[in-house]
Amino acid sequence: MPVPDYAEILADVEDLIRRFIKNPVTIEEDTELVNGLGLDSLLVMEVIQEVEDRFDIFFPLNTLAEIRTVKDFVLQIQREIGG
Amino acid sequence: MGLFDKLANIAAARQGLEAFGVDPFNVVIEEILSPTEARIGGQPVLLAGTNNYLGLTFDPGCMAAACQSINAEGTGTTGSRMANGTYAGHLKLEEELATFYDCRKGIVFSTGFLANLGMITALAGPGDAILIDADCHASIYDGCRMSGADIIRFRHNSAIDMEKKLKRLGARTENTLIIVEGIYSMLGDRAPLKDIVALKRQYGGMLMVDEAHSLGVLGEKGRGMAEDAKVEADVDFIVGTFSKSLGGIGGFCVGNHPGLDLIPYASRPYIFTASPSPATIASTRAALPLLRDGVALRKQVWENATSLYTRLQQMGFKLGPEISPVIAVRLGAREESLAFWQVMLNSGVYVNLVLPPAAPSNSCLLRCSLSAAHTPAQIEKIAEVFSTTRAQLAG
Ligand SMILES: Cc1ncc(COP(=O)(O)O)c(C=O)c1O
């Protein structure tokens with residue numbers, strides 16, 4: 001399986017997040033997951049489970065503290081896929 | 001930005017409760033009358049939301065042991081287990097727990113919360129991995145966070161998801177601590193321990209089971225879920241609490257691993273807090289044989305659980321997935337649940353209101369916990385008040 005690039009991961013993540021949010025929102029790279037999208041702690045956990053399955057990676061909860069925006073999130077996924 | 005700004009969400013939620021005129025998280029038991037009865041807000045209330053599974057809080061033998069200990073040893077130890085806080089009773093209780101579990105070693109902590117913090121932080125550190133069930137208790141999450149290890153969750157009670165994650169961990173399982181509970185505290189469902197143990201055997205890792213809600217409730221001797229599932233030999237560490245079926249306060253860990261001898265030197269939540277008071281140790285020591293031999297109590301708490309679960313199910317309430325002494329009634333929105341809780345209390349029945357994120361999967365719960373001390377008439381009353389409350393709120 002070819003390694004997905006940044007743009008592909010971003011598109012996937014946007015899709016995935018949309019499934020968890022009731023209201024239609026614009027998702028930009030610098031949108032904040034919690035403050036911008038209103039994802040509460042339980043939804044963040046759900047999103048992470050989905051991301052782990054989608055990319056077959058780990059997203060350890062302890063790395064969450066450094067992740068604020070959609071971009072942070074995508075970069076972390078990219079790191080996990082690469083590493 | 002002030003320090004309290006981050007609590008803005010809590011402030012808003014609290015204001016909401018104030019506007020509603022109820023604060024379910026600030027109930028005062030004005031007088032406790034028995035394991036199942038209290039006075040709240042000036043009126044007698046039937047308690048259906050304690051964790052007093054065997055009803056031992058008023059056991060005359062346990063009470064006498066505690067009184068005797070206060071008279072002989074005073075009110076507190078004023079020190080940590082590592083300094084001046086280990087009395088003969090603390091050691092005896094550790095031996096008795098080890099004997100009860102047929103294990104080499106028992107360690108007493110000041111609460112179950114601290115037992116989880118103490119064990120997890122001593123066992124796991126940066127570079128290690130901890131694999132936990134998503135519905136694990138807050139103390140397990142906090143212990144994981146404090147440890148600095150990589151925290152990986154699997155979907156609640158899903159052996160399939162657990163296997164996926166173990167596979168992904170690969171060689172890292174050598175440094176992996178797996179943590180699950182026996183009976184889960186909110187929905188009352190049991191861990192699929194046989195499957196979990198089989199996966200551990202296949203992929204590696206060490207397994208810790210928190211029996212907080214299953215101690216005294218499951219297993220012939222009341223040792224919990226691991227005994228019930230006949231997998232004790234494959235469980236590396238059992239953690240539990242004295243605060244539920246044993247009717248006291250305190251926590252413990254038991255196991256066979258020789259490394260357990262190092263925990264008291266390595267575990268900050270063991271070292272930097274005062275040890276349980278002598279009276280607490282005395283009542284717990286008196287309660288332990290009652291729990292071990294409490295076959296009739298176990299039978300009773302399960303009969304009570306089955307009776308309430310069946311009644312509520314027949315009435316059409318949405319319940320947790322299986323019968324257990326923890327019965328979770330799933331309700332809808334927050335306001336509806338608050339109102340339900342309040343009307344029940346006004347009708348003389350106390351249950352626990354659980355809102356997300358404490359309640360899993362974003363639903364509000366009314367959590368009942370049954371005791372061997374509940375009488376058939378009390379069970380009947382709990383069921384009846386559920387029914388009349390629903391009718392009142394619908395009308
Ligand atoms: C699963 C679980 N572990 C640990 C604890 C903490 O126990 P303690 O009350 O002894 O701190 C609880 C109690 O709420 C629990 O439900």
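Visitor: How many residues of chain B are in contact with residues of chain A?

Guide: This is a predicted model, in which local features need pLDDT of at least 70 and side-chain atom pairs count only at pLDDT 80 or more, while totals for chains, interfaces and linings use all residues. Residues are numbered from 1 along each chain as its sequence is written, chains are lettered from A and ligands numbered from 1 in the order in which they are written, and side-chain values use heavy atoms, with hydrogens and water left out. Contact means heavy atoms within 4.5 Å. On the side of chain A, 14 residues take part, and the number in chain B is 19.

Visitor: Which residues in chain B lose the most area to chain A?

Guide: Buried area is the accessible area (1.4 Å probe) that two parts lose on being put together, summed over both. Chain B and chain A bury about 1400 Å² between them, with 48% of it on carbon and sulfur atoms. Of what the side of chain B buries, 44% comes together from the residues that lose the most: Arg153(B), Arg155(B) and Arg168(B).

Visitor: Which element gives the largest share of the lining of the largest cavity?

Guide: On a 1 Å grid over the protein atoms alone, a cavity is a set of points where a 1.4 Å probe fits but cannot get out, and lining residues have an atom within 4 Å of a point. The structure holds two cavities of 30 Å³ or more, and the largest has a volume of about 40 Å³, where grid points are joined across faces, edges and corners and a volume is the space filled by probe spheres set on the points. Met45(A), Ile48(A), Gln49(A), Glu52(A), Phe59(A), Leu61(A), Ile151(B), Ile152(B) and Arg153(B) line the largest cavity. Helices (H or I, at least four residues) and strands (E, at least two) are DSSP runs, numbered from the N terminus, and the largest share of this lining, four residues, belongs to α2(A).

Visitor: How many residues in the lining of the second largest cavity are nonpolar?

Guide: The second largest cavity holds about 40 Å³ of space, and its lining is made of Leu33(A), Leu39(A), Val44(A), Val47(A), Ile48(A), Leu64(A) and Phe73(A). Ala, Val, Leu, Ile, Met, Phe, Trp, Tyr, Cys and Pro count as nonpolar, Asp, Glu, Lys and Arg as charged, and the others, Gly among them, as polar. In the largest cavity the lining has six nonpolar, one polar and two charged residues. The lining of the second largest cavity has no polar and no charged residues, and its nonpolar residues number seven.

Visitor: Against which elements do the buried residues of α5(B) pack?

Guide: Buried means under 20% relative accessible area, exposed over 50%, and partly exposed in between (1.4 Å probe, protein chains only). In helix α5 (residues 138–147) of chain B, the buried residues are Ser139(B), Ile140(B), Tyr141(B), Gly143(B), Cys144(B) and Ser147(B). Just after this helix, Gly148(B) takes a positive phi of about 85°. The partners of the buried residues, in chain B, are α4 (112–123), β5 (129–133), β6, β7 (176–181) and β8 (206–210).

Visitor: How many disulfides does the structure have over all chains?

Guide: A disulfide is a pair of cysteine sulfur atoms within 2.5 Å. The search of the whole structure covers all chains, and the count is zero.

Visitor: How far is the nearest cysteine sulfur from that of Cys144(B)?

Guide: Cys144(B) counts as buried because its relative accessibility is 0%. Cys144(B) is in no disulfide, and the nearest cysteine sulfur belongs to Cys136(B), at a distance of 7.5 Å.

Visitor: Is Lys244(B) buried or exposed?

Guide: Lys244(B) is placed in the loop between β9 and β10 (251–255) of chain B. Leaving aside its neighbours within four places in sequence, Lys244(B) is in contact with Asn51(B), Asn52(B), Tyr53(B), Ala212(B) and His213(B). With a relative accessible area of 16%, Lys244(B) is buried.

Visitor: What positive phi does Lys230(B) have?

Guide: Lys230(B) is found in the loop between α8 (225–228) and β9 (237–241) of chain B. Lys230(B) is exposed, with a relative accessible area of 74%. Although Lys230(B) is not a glycine, its phi is positive, at about 55°.

Definitions and conventions
On a 1 Å grid over the protein atoms alone, a cavity is a set of points where a 1.4 Å probe fits but cannot get out, and a pocket is an open set with protein on both sides within 12 Å along at least five of seven lines; lining residues have an atom within 4 Å of a point.
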